[in-house]
Amino acid sequence: MNFAVITENDVSQWSDKTGSEYHFPKRYAKYLTPGTTVVYYKGKLKDTSFREKRLSDEPHYFGFATIEQEPFKDEGSEKGDLFVTIENFTPFKEAVPNKIPGTDEYIEIIPENRANNYWRDGVRPISQETFEQIAALSGLSGPKSEKRLGDEYSFTSAIEEGGKKQIYSTRYERDPKLRKQAIEIHGDSCKACGFNFGKVYGEHGSGFIHIHHVTPISSFEGKQVVNPVTDLIPLCANCHAMVHRRPNETLSIGELKQILDQ
């Protein structure tokens, strides 16, 4: 299954119809194929006359949808621009910021060689893990459909690391050695709810878990020593998202457990 972010600007040369039709340059056609789940995105508010039509003045995600048919040509375009029909549009009740709440880290993983121009792309492919983070913060599991989507949008292991270097943000680096040490010390079950990807998904999910920093990296004043025993905690995708659910309010594991026990 493919996932992508599609940008819809308040003022644009493109003939978009929110939730029904998306107009785009042909270079993005490879990302908007049948079966793709898309996340709608808006950049920062530039014209205040559009404020009442938005969920936030800041950059944010505002809905899910699916693409189930092949894109079709814009007959009036000399550049080969395309349209695609949007189906199962599900708007969010609240804006989901493009940064992890309480941090300066972007939810989307920005390749190191795209740090200066990543946000210029109107269509951006994302991993299932990134989609799941947005889904958790939105309070939804994915676009609503007459079809049974069910487990297609559950929190499964889909992060890919095979040979490609990826970073979590353009400012803060994470050492994969610390992640490995944290799992060796604490195990790969969520310390809040006990969920274990391997037990649910078998070999496919074995060893997968998010690693939460007790003290957010964004609060570090430069590089500092991180102790995997006391500073890192394994959390499932759901619990990790809930820990960072509100800006400037990172829950402790104890506080999260109290919520789960209610």
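**Entry 1, helix H2.** I began at the end of H2, where the helix is followed by Gly187, whose phi is positive, near 90°. I am working on a predicted model, in which local features need pLDDT of at least 70 and side-chain atom pairs count only at pLDDT 80 or more, while totals for chains, interfaces and linings use all residues. Residues are numbered from 1 along each chain as its sequence is written, and side-chain values use heavy atoms, with hydrogens and water left out. I took helices (H or I, at least four residues) and strands (E, at least two) as DSSP runs numbered from the N terminus.

In H2, residues 176-186, I found Leu178, Ala182 and His186 buried, where buried means under 20% relative accessible area, exposed over 50% and partly exposed in between, with a 1.4 Å probe and protein chains only. Seen down the axis of H2, these buried residues fall within an arc of 45°, so they line one face of the helix; the arc is taken from the directions from the helix axis to the C-beta atoms. An α-helix has 3.6 residues a turn, so residues three or four places apart point the same way. On the other side of H2 I noted Pro176, Lys177, Lys180 and Glu184 as exposed. The cover over the buried residues of H2 includes strand E9 (210-213) and strand E10 (232-235), with contact meaning heavy atoms within 4.5 Å.

I paired rings of Phe, Tyr and Trp (its six-membered ring) if their centres lie within 6.5 Å, calling planes under 30 degrees apart stacked, over 60 edge-to-face and the rest tilted; the count comes to 15 aromatic pairs. The rings of Tyr40 and Phe89 have centres 5.2 Å apart and planes at 75°, so this pair is edge-to-face. Tyr40 lies in strand E3 (residues 36-42) and Phe89 in strand E7 (residues 87-97), so the pair ties together parts that are 49 residues apart in sequence. Tyr40 is buried, with a relative accessible area of 0%, whereas Phe89 is partly exposed at 27%.

I looked for disulfides, a pair of cysteine sulfur atoms within 2.5 Å, and the structure holds zero. Cys193 is in no disulfide, and its nearest cysteine sulfur, that of Cys190, is 3.7 Å away; Cys193 is partly exposed, with a relative accessible area of 42%. Cys239 is likewise in no disulfide, the nearest cysteine sulfur being that of Cys236, 3.7 Å away, and Cys239 is buried, with a relative accessible area of 6%.
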